[in-house]
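Dear colleague,

Please find below the sequence and structure that I would like to hand over to you. A summary of the findings follows it.

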Amino acid sequence: MGAASLIVLILAAIAFSAGAILIAKVVTKATKNKQKAEPYESGIPTRGPSWVQFNVGYYLFALLFLIFDVELIFLYPWAVAAKKVGLLALVEIIIFFFILFMGFLYAHKKGALKWK
Amino acid sequence: MSIFFLLLQQELLLTAIIFVLLFVKLSTKQWNSQTVLSFVNILLVVNLAAGFFFKEKGTLFGDMFQTNDLLRFEKNILNLGTLLISLQAYNWLLKHKHAIEFYLLMLSTLLGMFFMLSSSNLLMFYVGLELASIPLAALANFDLDKKRSSEAAMKYIMSSAFASGLLLFGISLIYGMVGSVNFTDIAVAASENPLFLFGFILLIAGFGFKISAVPFHLWTADVYEGAPVAVTSYLSVISKGSMLFVMTSVLSTVFANLLFQWYNIVAVLAVLSMIVGNLFAIRQQNIKRFLAFSSISQVGFILIGMSGANIESHSSVVYFVLVYLFSNLAAFAVINVISEASGKENIDDYKGLYKTNPALTWVLAIALFSLAGIPPTAGFFGKFFLLLGGASKGNYLLIIVAALNMVISLYYYLRIIKAMFMDANETPVEKLAISWSPKISMAVCMAGIVVTGIISGAYEYIYSLLK
């Protein structure tokens with residue numbers, strides 16, 4: 001154990017990934033043509049530049065969604081432990097909500113929820 | 001419940017200030033920015049003063065959080081630095097649209113650093129570190145109309161995310177070997193098991209990114225150059241200082257069993273940082289890039305002190321960070337005033353500064369003397385104690401390399417002083433009127449450089465805290 005296992009692990013990882021690539025190279029029959037270089041093979045050909053700008057609102061909404069998503073995930077372990085911890089748990093979760101709410105209020109005040 | 005408030009006093013006060021500022025921002029009344037900034041600075045003074053009043057020590061949250069006299073003192077140092085930076089940034093923020101957000105982000109990072117300092121658990125440490133580094137990227141982008149600033153933020157967030165990745169991998173390996181993330185458990189279980197050592201080395205790499213020790217320093221110069229001056233000084237003093245505090249105490253307490261291993265790593269990092277920092281600093285034209293490389297070489301000296309791994313060397317690191325805070329912030333105060341008034345940031349623009357602005361020139365000269373380590377200033381004693389701490393291991397080759405590097409560093413610090421005092425310039429920086437807030441900041445820094453150097457009480461106080 002110890003050093004030997006670490007070295008074996010690293011070698012095995014390299015051998016596994018290199019082997020997978022090598023086998024794929026040997027087994028498949030490689031063809032090269034123009035269609036292969038397209039972003040979507042046998043899809044609709046793209047028109048115009050693909051670097052389009054998108055509305056920054058999307059990412060603001062995603063961020064705000066994330067706040068409440070994380071809040072909800074925190075609520076599950078809290079709910080399991082709440083009965084054991086007692087009143088203190090309730091106070092702590094209210095403080096937690098308050099902090100999140102302030103952040104939300106800030107975003108609202110900044111107009112993050114307006115779709116322009 | 002009351003012990004909860006007493007132990008978390010500094011953190012709770014900061015959180016309260018953040019919320020007060022949020023309320024100010026959310027209120028319907030449109031506040032005058034001068035009033036708001038004065039109000040924030042008063043709050044920061046209160047925050048600094050309140051830090052000296054409590055002495056309780058203990059642990060909280062199931063040994064996740066600890067506090068003691070040394071940690072309180074270190075937090076007070078960080079509070080002082082934040083206050084000085086806030087005073088220096090006053091004129092810049094007066095014109096800025098998002099002054100309150102600047103403080104919200106800056107105080108959030110400070111709060112993260114406090115939790116990082118007080119952590120006695122790797123997970124708590126990591127949470128504190130992330131809270132300290134994510135808002136910093138937003139701060140680096142605070143010159144909203146400058147592209148360089150965005151570039152700095154991008155580079156900072158990329159490299160700090162990479163460093164966090166290394167750190168997390170290291171933490172997971174250590175957890176895998178020990179079965180616990182508690183510092184006391186790790187200290188007992190630390191062994192020369194290769195997987196544990198691998199995790200430990202990754203942990204040091206994560207530390208190295210934050211203090212910009214040499215193989216991990218590549219982000220430093222670009223981020224320092226692009227970020228606003230106030231944020232640059234925050235990065236180079238507060239962010240780096242807090243990480244140095246944590247690294248010193250973690251290495252000497254948690255990984256004390258692995259002293260032989262980490263002594264070599266830290267010594268190599270120190271030598272590389274000093275040499276590379278110095279050689280690159282010689283060639284810099286931009287003064288912010290110059291100070292970035294100078295701070296890298298200073299980190300090399302601090303790492304030498306850290307390698308001593310006893311009480312003397314630990315207190316020498318804390319003492320040097322205090323001295324470095326005063327010296328570096330004095331230099332940044334002058335740079336901030338000049339860059340704010342004229343937009344000039346090149347070393348060539350500082351030629352002939354003495355003719356037009358003698359007071360600013362003297363402040364910058366004393367700050368650079370202190371950074372170089374010339375005797376009457378505090379920088380000399382700081383470096384002296386660092387080398388003394390490093391020499392306790394008996395590795396005199398390391399000390400000789402450090403001494404040689406001090407000579408090299410003298411060359412480039414004196415180059416700026418020569419430019420300011422002796423060189424002629426056709427278009428020098430015109431005579432500047434300095435407003436009260438940078439003046440106070442410079443006066444405090446000057447007093448700090450002189451007082452912490454001449455009066456030995458500062459070092460002895462830190463030493464007594466560690467005993």
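I begin with the annotated span. For residues 119-408 of chain B, UniProt lists "domain: NADH:quinone oxidoreductase/Mrp antiporter transmembrane", from an unreviewed entry; UniProt positions are given in the numbering used here, feature names are shortened, and annotations may be inferred rather than shown by experiment. The end C-alpha atoms of this span lie 38 Å apart, and the span is 80% helix and 0% strand. Helices (H or I, at least four residues) and strands (E, at least two) are DSSP runs, numbered from the N terminus.

Please note that this is a predicted model, in which local features need pLDDT of at least 70, side-chain atom pairs count only at pLDDT 80 or more, and totals for chains, interfaces and linings use all residues. Residues are numbered from 1 along each chain as its sequence is written, while chains are lettered from A and ligands numbered from 1 in the order in which they are written.

Helix H15 of chain B covers residues 311-342. Its 32 residues reach 46 Å from the first C-alpha to the last, close to the 46 Å expected at 1.5 Å a residue (the expected span is 1.5 Å times one less than the number of residues). H15(B) is mostly covered, with 27 of its 32 residues buried. A residue is buried if 20 or more other C-beta atoms lie within 10 Å of its own, exposed if 12 or fewer, and partly exposed in between, with C-beta atoms placed from the backbone. Just after H15(B), Gly343(B) takes a positive phi of about 75°.

The largest nonpolar core has 158 residues; such a core is a set of buried Ala, Val, Leu, Ile, Met, Phe, Trp, Tyr and Cys residues joined through C-beta atoms within 7 Å. H15(B) gives the most to this core, with 19 residues. Among the residues with the most contacts inside the core are Val321(B), Leu329(B) and Ala330(B). Not counting residues up to four places away in sequence, Leu329(B) touches Gly81(B), Leu84(B), Ile85(B), Ser233(B), Val237(B) and Cys445(B). Two residues are in contact if their C-beta atoms, placed from the backbone, lie within 7 Å.

Two further positions in chain B may interest you. Ser295(B) lies in helix H14 (residues 287-306) and is buried, with 26 other C-beta atoms within 10 Å. Leaving aside neighbours within four places in sequence, Ser295(B) is in contact with Ser236(B), Lys240(B) and Asn328(B). Asp143(B) is placed in the loop between helix H7 (122-140) and helix H8 (147-178) of chain B, and is partly exposed, with 19 other C-beta atoms within 10 Å. With neighbours within four places in sequence again left aside, Asp143(B) is in contact with Ser149(B) and Pro228(B).

Chain A has three helices and zero strands. Its radius of gyration, taken over C-alpha atoms, is 26 Å, well over the 13 Å that the globule rule gives for 116 residues, so chain A is more spread out than a compact globule; the rule is 2.2 Å times the number of residues to the power 0.38. Of the 116 residues of chain A, 0% count as buried.

Finally, the contact between the chains takes seven residues from chain A and seven residues from chain B. H3(A) gives the most to the side of chain A that touches chain B, with four residues.

Yours sincerely
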